[in-house]
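Please read them with the structure open.

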Amino acid sequence: MNVDIGNALASVASPGVSRASLERLDEQVAAAHERIERGMANADHGYEALNLPERTDPDEIRAAVEPVADADALITVGIGGSSLGAATIVNALESDTETVFLDNVDPEWVSRRLDGIALENAAINVVSRSGTTAETLANFLVVRAAFEDAGVDWTERTIVTTGESGPLRNLADRHDLPSLKVPDGVPGRFSALSAVGMVAAAVCGHDLEALLAGAAAERESLSGSLFECPAYAYGATTYALDGRGAGINAVMPYAESLETSAEWFAQLWAESLGKDDLGQTPVRALGVTDQHSQLQLYRAGPRDKLVTFVTADADADRSIPATDVEELAYLGDATLGDLLEAEFEATEASLAAAGRPNVRVELEAVDEYELGGFLYGMEAACVLAGELYGVNTFEQPAVEWAKKATRGLLVGGEFEEAEAVAEKTELRVER
Ligand SMILES: O=P(O)(O)OC[C@H]1O[C@H](O)[C@H](O)[C@@H](O)[C@@H]1O
C-alpha cells in the first residue's frame, strides 16, 4: 500500500501536523521500530503478528480444507478477530462459493441466513482462539443442529480453527475434525494473515501465496522512518492528528468490495489503542455513498476527525449510456469508474478546501496481493501507533466485564457485574 499524508499537513488542515513536527516525531518512530523489530525477532506476544507472512503455511491450510474444497457455500462461525479478517478477504474477492459470516446472535438474522443456504454441500468454518466465546459456540450449536435436521453429516463438513485447548479443541479431537491452530502470540484482531483469516479464503479458492506475498512486501517496507514506510507514515500521522484534536478516524473505502475492511479496521484500531483514556475512535464509512450521508459532518462539523480514504484501481468498468436529457448529458460520455474517481477526488479536495485533515491509502487493485499488503500495513501502522501512545496494544481487558455480566444474567452465580445490570438508573420516556 502507498499513503499520501499531504492533506494532513498543517499547511492544509486544522488540526494538522507540520512537516517539522513529523520530522521530530520520526525520532520516536525510529525508537519504536527498534522495539517492534526486537519484539518480532523474539516472537513476543503481539509483535509475532508481524511475522505471519513467514509463519503461515498455505499448504497446511489447503490440506485442512481439502475435505470441503468443493463446498458451494461456506458458513463461517466466529466473532471479532475470528471473523472480520476472513470476511474482509472473502468479501473483497470474487468467488463462486456463497459465503455467510455468523458473527452475531440476532435470532431472526441467523435463521434467515441459515434458511437461505442449501446445507447439502455447505461447509462450516468455526473459528475461536479461546474456544469459549459464547456467541461463536451458540451459533455453532445452532448450525450443527441445522445440518443434523437436514440429514447432513456435519462432521464431514466442518473445519475448526482454535487454540491448543478448550471446548472447540475437544470437539475437534472427539470427532476427528480437520483442525488448525491459531498462531501463538497473535491477538485475534491481528490474525487475518493466519489460518484464522485464510481458511475461508482457501475454501473460496483464493490465492493464499499472493495474500502472504503482499504482506511480506509490506513487511520489507518497515523501516526506521515514517518518510520511508507507508505503514508507519499512516500510524504516526493518525497519532499526531489525534494529539492535535482529531480523535475520530473515519475510514472511507471508495470500493464496495472494501466495505468490510472498514469494519475490520474498526476492531483493530479501537481494541488496540482504546486504553488508559487514550485512543482514536474509528468510524466506518463508504465512498461514494457517505458523500450523501456523513460528508456534511466531516466538512462542516467539529474539527475532531481525520478521514482516511482507501482507494483501489478497479479492473472492471461500465459505461453510462448516453441520454437525451440535457441536464444529464455530461454523464453519457463517462463510465461509472470515471464518476467514482471524480467523486473521490472532489470529496478529497472538498475536505482539504475546508481545512479538514484527510489521508489517502492507495491499493493498486483489489486482489490478494494488495489485500495482503493492506492488512499487514494497517496492522503495522496500529502497532506503531500503540508504541507512540504507550499503551498495551495487544490486550483487551475492557471487553471482559460485559462477558461476566452476560454469564451472570444467563446462569446466575456470583457475578457482581450482573447485579449492576439490575441496578440500572432509569429515566424512561414512553409514548
Ligand atoms: O477468537 P475468540 O477467542 O473467539 O475471540 C473472539 C473475539 O472476542 C474477544 O472478546 C475479543 O474482543 C476479540 O479480540 C476476539 O477477536
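1. Which residue just after H14 takes a positive phi? That residue is Gly355, with a phi of about 70°. Bear in mind throughout that this is a predicted model.

2. Helix H14 covers residues 336-353, which makes 18 residues.

3. Thr347, Glu348 and Leu351 are the buried residues of H14. Looking down the helix axis, they fall within an arc of 95°, and therefore they line one face of H14. Among the elements covering these buried residues are helix H12 (295-300), strand S9 (305-312) and strand S10 (358-363).

4. On the face of H14 turned away from the buried side, the exposed residues are Ala342, Ala346, Ala349 and Ala353.

5. The largest nonpolar core of the model contains 117 residues. Val199, Ala201, Val203, Ala236 and Leu384 have the most contacts inside this core. Helix H15 (residues 368-389) gives the core its largest share, 13 residues. In soluble globular proteins, nonpolar side chains tend to be buried together.

6. Take Ala236 as a case to check in the viewer. Apart from neighbours within four places in sequence, Ala236 is in contact with Leu22, Leu25, Val29, Leu226, Leu384 and Leu388.

7. Around the ligand there are 14 residues, and those that come nearest are Gly80, Gly81, Ser130, Thr133 and Gly188. By type, the shell around the ligand consists of nine polar, three charged and two nonpolar residues.

Technical notes
Residues numbered from 1 in each chain as written. Predicted model: local features only at pLDDT ≥ 70, side-chain atom pairs only at ≥ 80, totals over all residues. Core = buried A, V, L, I, M, F, W, Y, C linked by C-beta atoms within 7 Å. Buried ≥ 20, exposed ≤ 12 C-beta atoms within 10 Å, placed from the backbone. Helix = DSSP H or I, 4+ residues; strand = E, 2+ residues; numbered from the N terminus. Contact = placed C-beta atoms within 7 Å. Near = placed C-beta within 6 Å. Nonpolar A, V, L, I, M, F, W, Y, C, P; charged D, E, K, R; others polar. Expected span 1.5 Å × (residues − 1). Arc of directions from axis to C-beta.
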